[in-house]
Amino acid sequence: DVDVDVLALVNDTVGTMMTCGYDDQHCEVGLIIGTGTNACYMEEMRHIDLVEGDEGRMCINTEWGAFGDDGALDDLRTEFDRELDLGSLNPGKQLFEKMISSLYLGELVRLILLKMAKEGLLFNGKVSTALLTKGKIEMKHVSAMEKYKEGLSNTKEILTELNLFPSEEDCIAVQHVCTIVSFRSANLCAAALAAILTRLRENKKLLRMRTTVGIDGGLYKTHPQYAKRLHKVVRRLVPNCDVRFLLSVSGSGKGAAMVTAVAYRLAAQRKQIDATLAPFLLSLETLREVRNKMRTELEYGLKRETQASATVKMLPTYVCGTPDGTEKGNFLALDLGGTNFRVLLVKIRSGRRRSVQMYNKIFAIPLEIMQGTGEELFDHIVQCIADFLEYMGIKGARLPLGFTFSFPCRQASIDKGTLVGWTKGFKATDCEGEDVVDMLREAIRRRNEFDLDIVAVVNDTVGTMMTCGYEDPNCEIGLIAGTGSNVCYMEDMKNIEIVEGNEGKMCINTEWGGFGDNGCIDNIRTKYDKEVDEGSLNPGKQRYEKMTSGMYLGEIVRQILIDLTKQGLLFRGQISESLRKRGIFETKFLSQIESDRLALLQVRRILQQLGLDSTCEDSIIVKEVCGAVSKRAAQLCGAGLAAVVEKKRENQGVEYLRITVGVDGTLYKLHPHFSRILRETVKELAPQCDVTFMLSEDGSGKGAALITAVAKRLHNVGQ
C-alpha cells in the first residue's frame, strides 16, 4: 500500500556525474575507479546513431571496462594479465578493467611476486601456501604497502602474515612491484579519460576547454598515490584542457535521486504542456459535429429567409458552367489582390492540341494609390493595362476580359460586383458600395485609348476550381487554403433560393471563413483563438478562418508560446521583446519548423533568427506547439470540406460520389503535413465520397480567363 512511481533507472557512473553536476555546472564526465572501472560523458545527439534526434546532448555510459576485448590492448597485456584473465569468472571479457580496477590489482601483484619467488629473486626462493592461494593479496594490502612513511613496515607485516619471511631488500622490491602495478592502472585510466576529454573539446570546436570530472570509487579515494598520479598524467596528455577533479559523495544514492528529480521535473512539465495543448486535440466525434454544423450553415446561406443572418454567406457568382474543352480564343485577365497587380494575356486552344499559353506582367501599386481616391486607383490600373497591351503589341484588339478582384463583393450578375469593404491595407475612397466593373469601365473611357469587353468579375476560389476543371471535368469544388480560407462549388439552381431559375447549376462562393461567427463553434475555440480574434482588425468576424488560415496560425502559436513561457516551461521563463511582437511568427516558419527533414538544430536557428534564444528542449516544445495548431487547422478545414462533398453527393442522389477538388494556397502546397491531414479527415468524415485533390495552376490568372471563356461560350449558346 505504498504508492511508488519508478521514474528512472540509473547507472552508478551516471549517478556520479549527476551528483557532481549538481555542485559544478561544468561537470560533464563521470568516472568510477574502484572494484570496477567505467566512465560516462555528455555526447552530442547528432553523433548518437542509436537514438533519434540530433539536437542537444545525452549522457553516454561507455562501459569502457571491455576496451581491448577485441585485441586492441594485446601489445600492452603481460603474461600476468593473461594468467589472471584465464583464472577469472569471465575469461576474455573486461580486459581493460582487469588491468585497472581494485578487484584485480592485488591478484596481479600476487602473480608477479609468485614468479619472482620461484625464480629466486624474492624470499630466498621460498614460496608459502598463502602466496600460492588466489585472492590472498587484496587491494587494501597494496594500498597499505604503498603508504609514504609506514609503507615498508606495512609491507613487512603483510608478507609475514602470508608466512613469508622477507628481508629489507624483499620489502623494497615488493613495494616497487605494488607501485608499478598501481601506476600502470592510473596511466591507463588517464589515457582513456584523455580520449574522452579530447572528444568533448573537439565536439565543442574549442582550442582550450574547461571541464570537470566527477569521480567515485575506493581505489581513487583510498590509495595514497593514485589520485595524484592520475591527475598528473591526464594534464600531460591533454594540456589544452583545464580539468577539475571533483570527488562524488554517494553517487549511487544522491545521483539516482538527481536523475529522478530531473525526470520528475520533465514529467511535470510534460503534464503542463499536454494540458495546454489538449484543447487543440479534436476527437472524431467533435469533427463530425463541426461537419454537421457547417452543413446546416450552408443550407441557411442558400435559403431566402435565412440568408441575411447566415454566417456562411453562400454568394452566387453567376458562373454557370465549367470548361468543356471547346473554349478557345485570346483573353485578358486582371488580378488585383494585394500590393501587386497582374495583367495577363491568355491564349486558349481547343481540339486535340488543347493548350493554355499565358503571358503576364506584374505592376506595383504604390501605397499612396492604395490609400488615395477610387478614381486614382482605377486610373492606375488602366495605365498598367495600357502598358501591357503596348508591350504585347495588341493595343487595338477588343479582347474579352476577366477581372479577379480578391476582395469581398456582392454580385448581381457575372459582370457586376459591388465592393462590400476593403481589406489587405487598401483604403481607396469612393469605392465601397460601388460596382468595381463600372469603375473600371469609366477609367477606360477616361483614358480613351482602347476598349475592352469586361465579361466577368471573378473570385480567386472560383478561378481555382475553373483552372482544375479545364483539366478534369469532374472538378466542381474549389478550395483555397493559404493566407485566407474559402471554398466554392457548383450548386443546383433549384437549391439557390436567392437567384431566379431552377435549371442548371451555378457556382456558389461560400465565404466560409465567417462560419462560427454566430457562436456555433465556440465549444472548440480556445483562449488563444479568442486572444488572436480580439487583437485582429475584425474582432468577432471570420472565426473559422482565424482557426484554419495561414494568416492567423502563427499568431495562435505565438500566444501559446507566451503562455508556456509564463508557466516557466519555455525560454527560461523570460518573455523576450521579439515574442511580444504581433505577427513575428509567420506561417512559413511553422512550415519550416514542422518539416521532417529539419533537424532540431535548424529549428533552434529559426527561433534564434526570430530573436528567441532557445535550448534543445525549447525547440522540441515549439515544434510540438506548431504541430498541434496546424493539425487542428487541417482537420477543421477537412471537416468543412466533408460537409460540402456530402452536400454534392446528396444533390446528385447517389450512394457513392467521385469528385475532384481544385486546391490552391501556400498552406496546402508548402506545409509538410497540412494536405495529408486534410485529405485523411475528408476521407474519414465523408466515407461515401471518393475525393481527388488537384493542385491549381494560377487560379487568379488562368482561372479568370477560363471563366471569361465559359461565360462567352454560354452567352453565345443562349443567343
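The expected span of a helix is 1.5 Å times one less than its number of residues. In this predicted model, that rule can be applied to helix 15, which runs over residues 436-447. With 12 residues at 1.5 Å each, helix 15 should span 16 Å, and its end C-alpha atoms lie 17 Å apart, so the two values agree.

Just after the helix, N448 adopts a positive phi of about 55°.

Between these ends, the buried residues of helix 15 are V436, V437, M439, L440, A443 and I444. Viewed down the helix axis, these buried residues fall within an arc of 160°, and therefore they line one face of helix 15. The elements against which they pack include both strands and a helix: strand 7 (329-336), strand 10 (400-405), strand 12 (416-419) and strand 13 (453-458), together with helix 14 (374-392).

Attention now turns to the nonpolar cores. The largest of them has 83 residues, of which F585, L641 and L678 touch the most other members. Helix 22 (residues 616-652) supplies the largest share of this core, with 16 residues. Apart from this core lies another, made up of 63 residues, including V177, A190, A194 and V233.

When its neighbours within four places in sequence are set aside, L641 is in contact with I477, L479, V487, W512, V661, L678, V682 and F693. One of these partners, L678, is itself among the residues that touch the most other members of the largest core.

Notes: Residues numbered from 1 in each chain as written. Predicted model: local features only at pLDDT ≥ 70, side-chain atom pairs only at ≥ 80, totals over all residues. Heavy atoms only, no water. Core = buried A, V, L, I, M, F, W, Y, C linked by side-chain atoms within 4.5 Å. Buried < 20%, exposed > 50% of the residue type's maximum accessible area, 1.4 Å probe, protein only. Helix = DSSP H or I, 4+ residues; strand = E, 2+ residues; numbered from the N terminus. Contact = heavy atoms within 4.5 Å. Arc of directions from axis to C-beta.
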